[in-house]
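Please look over the sequence and the model shown here before turning to the notes that follow.

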Amino acid sequence: MASEILTPALVWEDFKIEHSPEPELIAEYKNDGVTVTRFTLRGRSVKGGDVKIYCALARDESLEKSPGVFVVQDFADGADETFITFLARKGFTALVFDLAGSVGDRGNRTVYPDSVSYANYANCKDSLLTVNGSIKGTCWYEWGVAARYAFDYLASLPFVTGIGGIGTG
């Protein structure tokens, strides 16, 4: 069987955001001038429902506008609010999101419908370097799609002046 070389252009050529990312509020709290908002975003529609992307956003409410930081964290950390709160205190609007889905007993997590349950880290952790069939049937593709929805949400916020990214873990 011949291998196919997958370029980003080939993988994402037909991808489109299906709808505006609309947050569904879970909780919000203030901590020394920083507001942290926990919410889910409606991700892509798949058989069995929509992916529900868990996110947390932190910002200094005293700032009218600020640069955004898109944070991708280690699977073990989920959507940890400590780092984004630190960034908000430095003058950034920071968004972190969970990619791993069902891992252990973590409550705040992304929910992948059964048809894409392979995106749950617990289901794919032993096959991260394998593509059987199409790349679009892998956890990596689903994680990329979730990241695209989260990024689009951050980019849509009227108080965000630009976006940088950082990975942790």
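## A contact at Asp14

The side chains of Asp14 and Lys136 are joined by a polar contact of 2.6 Å, where a polar contact is a pair of N or O atoms within 3.5 Å, of which, within protein, one must be able to donate a hydrogen and the other to accept it, residues adjacent in sequence counting only if both atoms are side-chain atoms. Asp14 is placed in the loop between helix 1 (8–12) and strand 1 (23–31), and with a relative accessible area of 49% it is partly exposed; buried stands for under 20% relative accessible area, exposed for over 50%, and partly exposed for the range in between, with a 1.4 Å probe and protein chains only.

## Basis of the model

This is a predicted model, in which local features need pLDDT of at least 70 and side-chain atom pairs count only at pLDDT 80 or more, while totals for chains, interfaces and linings use all residues. Residues are numbered from 1 along each chain as its sequence is written, and side-chain values use heavy atoms, with hydrogens and water left out.

## Overall fold

The chain has four helices and six strands, which are DSSP runs numbered from the N terminus (helices H or I, at least four residues; strands E, at least two). From the N terminus on, their order is α-β-β-β-β-α-β-α-α-β. The radius of gyration, taken over C-alpha atoms, is 16 Å, close to the 15 Å that the globule rule gives for 169 residues, so the chain is as compact as a globular protein of that length; the rule itself is 2.2 Å times the number of residues to the power 0.38.

Of the 169 residues, 41% count as buried. Taking contact to mean heavy atoms within 4.5 Å, 61% of the contacts between residues at least 6 apart in sequence join residues at least 24 apart.

## Two residues of strand 2

Arg44 lies in strand 2 (residues 34–46), and a polar contact of 2.4 Å joins its side chain to that of Glu142. Leaving aside neighbours within four places in sequence, the residues in contact with Arg44 include Glu18, Asp50, Val116, Tyr141 and Tyr149.

Thr40 also lies in strand 2. Is Thr40 buried or exposed? Thr40 counts as buried, because its relative accessibility is 13%. Not counting residues up to four places away in sequence, Thr40 touches Glu22, Pro23, Glu24, Ile26, Ile53 and Tyr54.
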